[in-house]
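This report concerns pairs of oppositely charged side chains in a protein. Please look through the sequence and the model before reading on.

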Amino acid sequence: MANDRVRKVTHIDNIKLSEDGTSIIIIDQTKLPNQVEYIELRTAQDVWDAIHLLKVRGAPAIGIAAGYAMYILAQQIKTDDYRTFYNEFHRQAEYLNSSRPTAVNLSWALKRMEKVVTGHKDLPVAEIIGLLEKECHAIHEEDIAMCRAISEYGLSLIKEGDGILTHCNAGPLATSRYGTGQGPLFLAAEKGMKIRVFADETRPLLQGARLTSYELYNAGVDVTLICDNMASLVMKNGWVQACFVGCDRVAANGDAANKIGTSGVAILARHYGIPFYVLGPTSTIDMNCKSGDDIKIELRDPDEIKEMFYEKPVALKEVKCYNPSFDVTDHELITAIITEKGICRPPYTDSLAALFK
């Protein structure tokens, strides 16, 4: 590609520590795309609410937020006694872990921070807190490198002029830089590669409409927003050559949990002979989870279906709602799982296990 086609994609700090290191600054994703508002999180309740209410969302971004959270909360534990410090630290970690049970990056980051504490019990508490600061920054820096690597591997699977369909949001807002599921699309824009993207709106919280189309448009990508139930038609029209999605948890057999509606996209892609790719970091792979049957699916407030983003309710108050946040895509529908360590193909019980050897 000609050098004059190469452009730098602008990235924003969607999660960072405050200058004094005692709070977390995030972009409130519930206000996008019409308002970019930064909010400050200081307490465990602040962080729990931000994760549960999707002010910060996306598996990698949740992991980064969790790492920073445990550092700022550790500073608030006023004791020099290790046992007292650890008991309170563990209690706070357990509390935060309850905010989004399906996202494995949350528990992964919390356990990683807790390992710093348990692995240095002979050190003074002040020094342990210093190590926690280094660890939370390491989680963030590693995510930046991870996103770039996943994006490079994903980009190798598509060519100039391809149409890509994506569901939900797994771009920079959900991670640290390029993203996972949408990372190759931003890298393509940066390298001057022309592709076109169809972004599912992703009901009921509209992450595709509010976030993915917002990010891609601002990056100069040719993006078309579609309703979720239009995916079949654009595939049938021959406009889609690949599907790229992120993931919140991948089981040892390759079953992948992602935003509700993802499994339907995979079924359509199989019907039309379109490759279906799941992109995510190895921290999202849970080798202790044998299959998708073992993944706990979070149920959310019915009002997200009936009232959120509407001026008036669109259904009667008395009407029951079923509002699972995720579904699980069967491994047999997944063409490949793309990680920062490479591209895994079936059988996933072998290829995923090989990542951890």
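With a relative accessibility of 7%, E190 counts as buried, because buried means under 20% relative accessible area. The model described here is predicted. E190 forms a salt bridge with R148, and the closest N and O atoms lie 3.4 Å apart. This pair links distant parts of the chain: E190 belongs to helix α6 (residues 183-190) and R148 to helix α5 (residues 125-155), 42 residues apart. R148 is partly exposed, its relative accessible area being 30%.

Side chains of opposite charge can pair when their charged atoms come close. The structure contains 14 salt bridges in total, and the table lists three of them, including the pair already described.

| Salt bridge | N to O distance |
|---|---|
| E190 and R148 | 3.4 Å |
| E88 and R91 | 2.8 Å |
| K159 and D162 | 3.1 Å |

The side chains of K159 and D162 meet in another salt bridge. K159 is exposed, with a relative accessible area of 51%, whereas D162 counts as buried at 6% relative accessibility. Elsewhere, salt bridges that share partners join R100, E298, R300 and E304 into one network.

Terms used. Residues are numbered from 1 along each chain as its sequence is written. This is a predicted model: local features need pLDDT of at least 70, side-chain atom pairs count only at pLDDT 80 or more; totals for chains, interfaces and linings use all residues. Side-chain values use heavy atoms; hydrogens and water are left out. A salt bridge is a side-chain nitrogen of Lys or Arg within 4 Å of a carboxyl oxygen of Asp or Glu. Helices (H or I, at least four residues) and strands (E, at least two) are DSSP runs, numbered from the N terminus. Buried means under 20% relative accessible area, exposed over 50%, partly exposed in between (1.4 Å probe, protein chains only).
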